[in-house]
Amino acid sequence: MGRYILLVLVLLLCSEVGASAGPLHMVGQARLEFMIWPVYDSRLYSVDGNYQEGQLPLRLEIQYLRDVDAKDLVKHTQSEWQRQGLSHASAQQWLVTLSRLLPDVRANDVLALVVDEQGS
């Protein structure tokens with residue numbers, strides 16, 4: 001229950017940050033598929049529709065196309081980070097945090113990360 005309350009608060013905060021940043025424009029989008037099955041669509045947004053390192057605000061959205069349990073999201077995140085060579089101690093701390101924050105997702109649920117002008 002507490003995890004869902006925290007998620008609602010984060011989503012409310014994100015909507016406020018998005019509103020204060022003005023309209024964001026899509027930089028690009030991609031679909032993740034496992035074999036032939038679509039898993040999610042991702043979209044990245046910036047102020048001018050272009051990605052430039054250090055430019056803020058940014059918004060990353062992941063729209064799930066199938067049901068995925070939170071524990072599986074964390075497990076796959078860990079596998080992907082290991083594949084990319086990010087399996088150090090701070091990555092493990094982030095996985096613990098993600099396991100507390102990420103909800104089970106259902107088809108068409110959208111998880112979003114918004115970074116405002118101050119990097120929050």
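Which pattern does the chain follow when read along the sequence? In this predicted model, the chain runs as α-β-β-β-α-α-β, and its secondary structure comes to 3 helices and 4 strands.

**The chain as a whole**

Of the 120 residues in the chain, 27% count as buried. The chain exposes about 8200 Å², and carbon and sulfur atoms supply 58% of that area. When contacts between residues at least 6 apart in sequence are considered, 55% of them join residues at least 24 apart.

**The nonpolar core**

The largest nonpolar core has 10 residues, namely Ile62, Tyr64, Val68, Leu73, Val74, Leu95, Leu98, Leu102, Val105 and Leu111. At least two residues of this core come from each of strand E3 (58–64), helix H2 (70–83) and helix H3 (89–101). Leu95, one of the core residues, touches Val74, Thr77, Gln78 and Trp81, if residues up to four places away in sequence are not counted.

| Residue | Relative accessible area | Class |
|---|---|---|
| Asp41 | 16% | buried |
| Gln55 | 18% | buried |
| Met35 | 63% | exposed |

Asp41 lies in strand E2, which spans residues 37–46. Because its relative accessible area of 16% is under the 20% cut-off, Asp41 is classed as buried. The side chain of Asp41 is joined to that of Arg31 by a polar contact of 2.6 Å.

Leaving aside neighbours within four places in sequence, Gln55 is in contact with Ser46, Asp48 and Asn50. Of these contacts, Ser46 falls within the span of strand E2, residues 37–46.

Met35 presents another setting, in the loop between strand E1 (25–34) and E2. Met35 is exposed because its relative accessible area of 63% is over 50%. Together with Phe34, Ile36 and Trp37, Met35 makes a nonpolar surface patch of about 530 Å².

Key:
Residues numbered from 1 in each chain as written. Predicted model: local features only at pLDDT ≥ 70, side-chain atom pairs only at ≥ 80, totals over all residues. Heavy atoms only, no water. Buried < 20%, exposed > 50% of the residue type's maximum accessible area, 1.4 Å probe, protein only. Polar contact = N/O pair within 3.5 Å; in protein donor to acceptor, adjacent residues only side chain to side chain. Core = buried A, V, L, I, M, F, W, Y, C linked by side-chain atoms within 4.5 Å. Contact = heavy atoms within 4.5 Å. Patch = residues over 30% accessible without salt bridge, like charges linked within 9 Å, V, L, I, M, F, W, Y side chains within 5 Å. Areas by Shrake-Rupley, 256 points an atom, 1.4 Å probe, with all protein chains shown as cover. Salt bridge = Lys/Arg side-chain N within 4 Å of Asp/Glu carboxyl O.
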